[in-house]
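Open the model in your viewer and get ready to select residues by number. We will go stop by stop.

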Amino acid sequence: MRMLWISMMLLGLATVQAGTLSQANAVRAGYEKSLEAWTIKMQLAKGEAARREVMADRPMPDVAAKRMWSVISPQLNEEWTIEPAAWFLRIASPLVEVGEDGLRTPALRPQIAQVQKTVEKYHLQSRQLAPMCMALVSCGDNASLNLLRKIESQNPDKKVAGVAALGLAMMAKDINDEPRIMRERLSMLRKAIIDAADVEIEGVTVAELAEEELYIIRNLSKGRPAPELSGRDSGGRAMTLSSFEGKVVILLFWNSGGEGPDAVINWANALRADERFAGKEFEVVGVNSDPLPVLRKLQAEGKVNWPNFSDPNNELGKVFRVGAWPLTYVLGVDRKIHYIGTTGTFAELTAAAVLDES
């Protein structure tokens, strides 16, 4: 049996090294099916211990990304690799490595860069680039932004150029909210809707994605009043975001199952005791997506000492279009948005500056 298993493994490796579209599709399907099965197990798990046990068996995206890379990397110059390479970018771009100095760096940066360079060199004129455009958005770096600009201006297919325009509008929101940038975003969204409205990316049309971007521009841009939130805390008591008006608020979307939950909890607790904020018109307000018993336990044990909306179904998270957890908003006393991004120094500095100006 052992020899048979070894033979099968060798055969599998040989197949992967051959690099075919069917092999790439198999890697993707295998990961997505295992992730779907794991999600169901998480939903059915009862109690914190059971959830943690299931959490430990989560399908590893880095393993899937490396398997896909072994299939496509020898043949990136061939057009059939564009779609699986786009899937690779979406899986690989969030992955990070933490060095001995505590700094977080992209785990597969060289491979991501190779995809970007290959697309520019061999596929800039391809009519198959629509999924790649959206995958480049997930990378969120200057190389992706510049590549999208080239696709938007040089690709001969109006639909592909329209999807690239949507990608540019999506990435521009992370630059700043200056009038010039806002005009560019709106211009790119118009082009996307006119030229590529019916193009589907992962089952969602460009028109629907563009409408989401318009929602973000109208409701979740810096300087805009944050949308109202109305829900319940862990004790079932009614809770609204507007009840904190008059205070500078760090609105923290988080859960205990994400990467580094202890770091997020410690950061939020430390903020409330920080001399820059303690005793002032300031509050950390959480939106927690854990099952209700998990949040209650964290608060009962004294680990979480700031007010939290209980949002196990992500209904409130959807209002703020939360995709990656944790996510931080800094709101002024008038509930206007001053910062959107990760936890840490920039959020703290923004909150301190807004508090000083209030």
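**Stop 1: helices 8 and 9**

Helix 8 and helix 9 cross in a left-handed way. This is a predicted model, so keep that in mind at each stop. Select residues 142-154 for helix 8 and residues 158-172 for helix 9. Their axes come within 8 Å and cross at roughly 150°.

Now show the side chains where the two meet. On helix 8, pick Ser-144, Leu-145, Leu-148, Arg-149, Ile-151 and Glu-152. On helix 9, pick Val-160, Ala-161, Ala-164, Ala-165, Gly-167, Leu-168 and Met-171. Colour this contact by class: 9 residues are nonpolar, 2 are polar and 2 are charged.

**Stop 2: helices 10 and 11**

Move along the chain. Select residues 179-196, which form helix 10, and residues 206-219, which form helix 11. How do these two helices run relative to each other, parallel or antiparallel? Their axes cross at roughly 160° and come within 9 Å. Angles over 145 degrees count as roughly antiparallel, so helix 10 is roughly antiparallel to helix 11. The crossing of this pair is left-handed.

Show the contact next. Helix 10 brings Met-182, Arg-185, Leu-186, Leu-189, Ala-192, Ile-193 and Ala-196. Helix 11 answers with Val-206, Ala-210, Glu-213, Leu-214, Ile-216 and Ile-217. Colour by class again: you get 11 nonpolar residues, 2 charged and no polar ones.

**Stop 3: helices 5 and 7**

Go back towards the start. Select residues 82-92 for helix 5 and residues 130-139 for helix 7. The axes lie 8 Å apart, at an angle of about 20°. That angle makes helix 5 roughly parallel to helix 7. Their crossing is left-handed.

From helix 5, take Ile-82, Glu-83, Ala-85, Ala-86, Leu-89 and Arg-90. From helix 7, take Pro-131, Met-132, Ala-135, Leu-136, Ser-138 and Cys-139.

**Stop 4**

Look for the second largest pocket, which holds about 320 Å³ of space. To find its centre, select Ala-26, Val-27, Gly-30, Val-63 and Arg-67, the closest to it of the 13 lining residues.

Which helix gives the most to this lining? Select residues 21-44, helix 2, and residues 61-72, helix 4; each supplies at least two lining residues. Helix 2 gives the most, with 6 residues. By class, the lining of this pocket has 8 nonpolar, 4 polar and 1 charged residue.

Methods
Residues numbered from 1 in each chain as written. Predicted model: local features only at pLDDT ≥ 70, side-chain atom pairs only at ≥ 80, totals over all residues. Heavy atoms only, no water. 1 Å grid on protein atoms, 1.4 Å probe; cavity = no way out; pocket = protein on both sides within 12 Å on 5 of 7 lines; lining within 4 Å. Points joined across faces, edges and corners; volume = space filled by probe spheres on them. Helix = DSSP H or I, 4+ residues; strand = E, 2+ residues; numbered from the N terminus. Nonpolar A, V, L, I, M, F, W, Y, C, P; charged D, E, K, R; others polar. Axes fitted to C-alpha atoms, helices over the stretch in contact; angles between N-to-C directions. Parallel < 35°, antiparallel > 145°, perpendicular 65-115°, else oblique. Left-handed = near helix turned anticlockwise from the far one by under 90°. Contact = heavy atoms within 4.5 Å.
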